[in-house]
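Subject: Handover of a structure, with notes on its contents

Dear colleague,

Please find below the structure that I am handing over to you. My notes on what was found in it follow directly after.

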Amino acid sequence: GPLSERPLKEVRLGELHTWISTCNFSPQGLLGAVQKAWSSYCAKYIHVRQGGPAGISMLLAGYCLLSYGWNYQHFSK
Amino acid sequence: VLHTTRPLHTTQQSLAPVPPLPEKGGEVRHGLIPEEFFQFLYPKTGVTGPYMLGTGLLLYLLSKEIYVINHETVAAACILTVIVYAIKKFGGDVAAFADKLNEEKLATAVAMKNEAIQSLQTAIEEEKKEQWRAEGRSYLFDAKRNNIAMLLEANYRERLLTVYNEVKKRLDYQVAMQTLKRQKEQDHMIQWVEKNVVQSITPQQQKESIAKCILDLKALSKSAHAAV
């Protein structure tokens, strides 16, 4: 299909930086991209009939990693 | 679990019913890593590839002190143990409870829908019955026409009777008048004749008639004496 509007999963490695060049980096574009990512994550792991601990646990793990990364300076003393 | 962040009615099929939720979410192994990661690495490294990757990464982080072990590590380990134990022990019950709540909500909604459908069905049947009833209006009009015709007929006959009675009264009056007149004439004539006769009897004739009556009476009494 058309390269410019494919989602990231279906882009091959060689075409990666053409794909990045077609991306919309304005605030609305970034916001739209964030919104799409969040809604696809929700649709896949949270808005299901029988979700397990997977939905929130991945979010918590991501938060742990991020906060470790932010506070690395403090840890490495 | 909230359902309000799903975009609704954004495609051309906005009038179709909203598609139901999927049964199970994306597969996640050990609660943390999505299954797609394992599938992604499977063709190149087989089944143990991701685990080797994980172990190697962990050892690298530890040895290069990118991940420092301090008191928080111990705390994190304890907390994680407790959380995993709690999920494994109480997960099923909580899930059953949540499912029961969902079922109740669904049941009320479905009951409302069924009730609405039922009431609309009854309304449809009633409407059909009313339409069938409306077909009989020709009979109704015929009956009304008959009624009116009968009223008119009765009225006409009443008036006919009145006319007859009035005419008969007038004719009776005329007949009574005539009989009265004849009777009066008759009476008057009889009286006049009697008066004239009485007047015409002179005293001489009266004496002669009385004498004749006495003679007759004597003769009669003689014959009566003789009979006894």
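A residue is called buried when its relative accessible area is under 20%, exposed when that value is over 50%, and partly exposed in between. At 36% relative accessibility, A:Pro7 therefore counts as partly exposed. Please bear in mind throughout that this is a predicted model.

**Chain A**

A:Pro7 belongs to the segment that comes before helix 1 (16-21) of chain A. Twelve residues separate A:Pro7 from A:Trp19 in sequence, and their C-alpha atoms are 9.5 Å apart in space.

Helix 2 of chain A covers residues 27-45, which is 19 residues. From its first C-alpha to its last, this helix reaches 27 Å, close to the 27 Å expected at 1.5 Å a residue. Which residues of helix 2 of chain A are buried? They are A:Gly29, A:Tyr41, A:Cys42 and A:Tyr45. The cover over these buried residues includes parts of both chains: helix 3 (54-70) of chain A, together with strand 1 (28-29), strand 2 (33-34) and helix 1 (35-45) of chain B.

Helix 3 of chain A also contains A:Ser57. A polar atom in the side chain of A:Ser57 lies 3.2 Å from the backbone oxygen of A:Ala54. Leaving aside residues up to four places away in sequence, A:Ser57 touches B:Gly31 and B:Leu32.

**Chain B**

Chain B has 228 residues, of which buried residues make up 4%. Its secondary structure consists of five helices and two strands. In sequence order, the pattern is β-β-α-α-α-α-α.

**Where the two chains meet**

How many residues of chain B are in contact with chain A? There are 26, and they are in contact with 15 residues of chain A. The area buried between the two chains is about 1800 Å², and carbon and sulfur atoms give 55% of it.

Two salt bridges are counted between chain B and chain A. In one salt bridge between the chains, the side chains of A:Arg49 and B:Glu23 meet, with N and O at 2.8 Å. Between chain B and chain A there are also nine residue pairs in polar contact, with both residues at pLDDT 80 or more. On the side of chain B that touches chain A, helix 3 (residues 71-135) of chain B gives the most, with three residues. Sorted by class, that side of chain B has twelve nonpolar, six polar and eight charged residues.

Over all chains, the structure holds eleven salt bridges. Several of those within chain B are described here in turn.

The side chains of B:Lys100 and B:Glu104 form a salt bridge, with an N to O distance of 3.9 Å. Both residues lie in helix 3 of chain B, four residues apart, which is about one turn of the helix. B:Lys100 has a relative accessible area of 46% and is therefore partly exposed. B:Glu104 counts as partly exposed as well, at 45% relative accessibility.

Another salt bridge links B:Glu153 with B:Arg157, whose closest N and O atoms are 3.2 Å apart. Why are B:Glu153 and B:Arg157 separated by about one helical turn? The reason is that they are four residues apart in helix 4 (residues 137-200) of chain B. B:Glu153, at 36% relative accessibility, is partly exposed, whereas B:Arg157, at 54%, counts as exposed.

Helix 4 of chain B also holds B:Lys168 and B:Asp172, four residues apart, about one turn of the helix. B:Lys168 and B:Asp172 form a salt bridge in which the closest N and O atoms are 3.5 Å apart. Are these two residues buried or partly exposed? B:Lys168 has 38% relative accessibility and counts as partly exposed, and B:Asp172 is partly exposed at 42%.

Yours sincerely,

A colleague

Conventions. Residues are numbered from 1 along each chain as its sequence is written. Chains are lettered from A and ligands numbered from 1 in the order in which they are written. This is a predicted model: local features need pLDDT of at least 70, side-chain atom pairs count only at pLDDT 80 or more; totals for chains, interfaces and linings use all residues. Side-chain values use heavy atoms; hydrogens and water are left out. Contact means heavy atoms within 4.5 Å. Buried area is the accessible area (1.4 Å probe) that two parts lose on being put together, summed over both. A salt bridge is a side-chain nitrogen of Lys or Arg within 4 Å of a carboxyl oxygen of Asp or Glu. A polar contact is a pair of N or O atoms within 3.5 Å; within protein, one must be able to donate a hydrogen and the other to accept it, and residues adjacent in sequence count only if both atoms are side-chain atoms. Ala, Val, Leu, Ile, Met, Phe, Trp, Tyr, Cys and Pro count as nonpolar, Asp, Glu, Lys and Arg as charged, and the others, Gly among them, as polar. Buried means under 20% relative accessible area, exposed over 50%, partly exposed in between (1.4 Å probe, protein chains only). The expected span of a helix is 1.5 Å times one less than its number of residues.
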